[in-house]
Amino acid sequence: MSETTGALRVPTRHFDVEAVRREFPILGRSVHGRPLVYLDNGASSQSPAAVIAAVEDYMSTHHANIHRGVHTLSQEATALYEEARERIRRFVNAASRSEIVLLRGTTEAINLIAQSYARPMLRPGDEVLITHLEHHANIVPWQMVCAQTGATLVVAPIDERGEVHAEAVEALMGPRTRILACAHVSNALGTVLPVERLVASARSRGIVTVVDGAQAVAHCGVDVRALGCDFYAFSGHKMYGPTGIGALYGREELLERMPPWQGGGDMILRVSFSGTTYAALPGKFEAGTPNISGAVGLGAAIAFLDSMDLDAARSHEEALRLHAEDTLGAIAGLRVIGTARRKAGLVSFVVDGVHPHDIGTILDQEGVAIRTGHHCAMPVMDHFKVPATARASFAFYNTFAEIDRLAAAVEHARRMFL
Amino acid sequence: MELKDLYRDVILDHNRNPRNFGPLADASADVEGYNPLCGDRLKLHLRMADDRVADIRFEGEGCAISTASASLMTEAVKGRTRAEALDLFQRIHALLTDDAATDVETLGKLAALSGVREFPARVKCASLCWHTLASALESTSPEPLPAVSTE
Ligand SMILES: Cc1ncc(COP(=O)(O)O)c(C=O)c1O
């Protein structure tokens, strides 16, 4: 392990980014004749060869439906699926596998909580508390359930940096607040929310807590028991796994009390026309044939993460973000949107006179992939009075040279529109 | 596929200095167009007289392609009859989406939009104002118009 002196911007532990990059086949491709610079990890991250191989191995040697056959393949598929669940459990430190429901992703997880936990419980006049920086996936399901039950959606403010202040959220926790649902990390701004304190405050008031971990789980390290939240939702495709697979952690006691969300096969113990007995957890929430290969891929992604020095990877991501804020910040007319003091590895920005979509197209021509638009967080755009932003979001496989190419391409875009 | 095919001088010019930009008093229709992909909103104000576009202005904040397209559109349809404006809508729609579109030369300045076709992610930016125009022309029409093809 090498010690570095002086420069704050250098990871304090050696991180061999070139070795990591070799694990990700897609990073070798080019786009429009230039080596790809992939800076849209907040939307979907890329998968290492180990994930691709695990999915291929599953499809070519073990595939069958799970929980349904006595034959060998079905047993192998079931074992692999459950092994993935166990890996996920360990990764977020849940107490038991019953607490890990495998779903399509964060969106489905939050909808499940809204419909299965909140809907039967909420009464007219009850309140669901969220924050101003939520992704639409953590807004719309609550609006829907509020409309269904007569509950009210209460929105905690953010400040001009895009920070959520715990005091401001606590001030809104009232006698009718039943649920606090907030992001761990904002996808539009990069803000890391004070979730530890928010969850503790909510719990002490008997408020059930839902944390949207979509942007956090691959970058922060999550321990649901230390955090003490009731629900924690995340997506595989933002943590180097496949799309269409994600997980909901739910405290067993709550999951037990919740009715199933969808009915069908796999979620039952016994069905007759006079009634049905539901399966035990977590099967009760997994109606129908699930995304087995996706789960296998997600399990492999977690195994990959487990094999890495994640502290070093996170310092590297932090250093990338600081470097990006420096280099982009030096561009005339560029304004960073979201300047929270605790921030994850992404930079949202606007440039005077150049719309984010034009920046996105021009960068793409130079092989640089970023996201532009409202990032499914329109209230955040309204807060900062911008129609959209450009967002570069980082993963540990990104390099300082890639950030320099990003900045050069943004400068090129700016000059085109002078 | 070249950037300068997309961002031609005409486009950059109309983006920098959009024509017919701003509110319009005594409009016969104020229609809002919305691009859910990027969240861009465009307001189109239209004043019809004797079945002609007597005046047309637009407002909103959009990318260079959507701003230039709207600016060029207002110039092109001002003074035209409803039928002519709708015909132009159809031709621009073909220009943006159909590789076989041929009448580029007859479109004048609007031909600058032909580069957009090579950038599929941006076609909606260019077509937003035209769809908004079509619905404004429909809403001000005394009788139902033949169905306007959109997608
Ligand atoms: C903070 C946040 N919440 C929720 C989601 C929704 O995740 P998914 O589309 O995987 O369901 C995302 C991803 O875009 C996100 O960034």
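Guide: One term before we start: a polar contact is a pair of N or O atoms within 3.5 Å. Keep in mind too that this is a predicted model.

Visitor: Okay, so how far from an oxygen atom of the ligand is the polar side-chain atom of A:His135?
Guide: A:His135 is one of the residues that surround the ligand. The cut-off for a polar contact is 3.5 Å. The polar side-chain atom of A:His135 lies from a ligand oxygen at a distance of 3.1 Å.

Visitor: Now the chain itself. How far apart do the C-alpha centres of domain 1 and domain 2 of chain A lie?
Guide: Chain A splits into two parts here: domain 1 takes 2–48 plus 309–416, and domain 2 takes 63–306. Between the C-alpha centres of these domains of chain A, the distance is 28 Å.

Visitor: What area is buried between domain 1 and domain 2 of chain A?
Guide: On the contact itself, 37 residues of domain 1 of chain A touch 38 residues of domain 2 of chain A. Carbon and sulfur atoms give 53% of the area buried there. The whole buried area comes to about 3000 Å².

Visitor: And which three residues supply more than any other three of the area that domain 1 of chain A buries against domain 2?
Guide: We're looking at the domain 1 side of chain A here, and the trio supplies 18% of the area which that side buries. The names are A:Arg314, A:Arg342 and A:Cys376.

Visitor: Which side chains meet in a salt bridge at 2.6 Å, N to O?
Guide: Across the interface of the two domains of chain A, the rule finds 1 salt bridge. A salt bridge needs a side-chain nitrogen of Lys or Arg within 4 Å of a carboxyl oxygen of Asp or Glu. With 2.6 Å from N to O, the pair is A:Arg341 and A:Glu163.

Visitor: Which element gives the largest share of the side of domain 1 of chain A that touches domain 2?
Guide: Besides that bridge, 24 residue pairs are in polar contact across this domain interface of chain A. Helix H11 (310–329), strand S14 (346–351) and helix H13 (378–383) of chain A are the elements giving two or more residues to the domain 1 side. The largest share is 5 residues, and it comes from H13(A).

Visitor: Let's move to the other chain. What area do chain A and chain B bury between them?
Guide: Chain A brings 15 residues to this contact and chain B brings 21. Of the area buried between chain A and chain B, 59% is on carbon and sulfur atoms. The total is about 1400 Å².

Visitor: Which residue of chain B forms a salt bridge with A:Asp358?
Guide: For the interface of chain A and chain B, the rule finds 1 salt bridge. The closest N and O atoms of the A:Asp358 pair are 2.9 Å apart. Its partner is B:Arg122.

Visitor: Last one: what is omega for the cis peptide bond between A:Leu281 and A:Pro282?
Guide: A:Pro282 sits in the loop between strand S12 (275–278) and helix H10 (292–306) of chain A. For the cis bond that joins A:Leu281 to A:Pro282, omega is about -5°.

Conventions:
Residues are numbered from 1 along each chain as its sequence is written. Chains are lettered from A and ligands numbered from 1 in the order in which they are written. This is a predicted model: local features need pLDDT of at least 70, side-chain atom pairs count only at pLDDT 80 or more; totals for chains, interfaces and linings use all residues. Side-chain values use heavy atoms; hydrogens and water are left out. Domain bounds come from an automatic or database domain assignment. Contact means heavy atoms within 4.5 Å. Buried area is the accessible area (1.4 Å probe) that two parts lose on being put together, summed over both. A polar contact is a pair of N or O atoms within 3.5 Å; within protein, one must be able to donate a hydrogen and the other to accept it, and residues adjacent in sequence count only if both atoms are side-chain atoms. Helices (H or I, at least four residues) and strands (E, at least two) are DSSP runs, numbered from the N terminus. A residue is near a molecule or strand if one of its heavy atoms lies within 4 Å of it.
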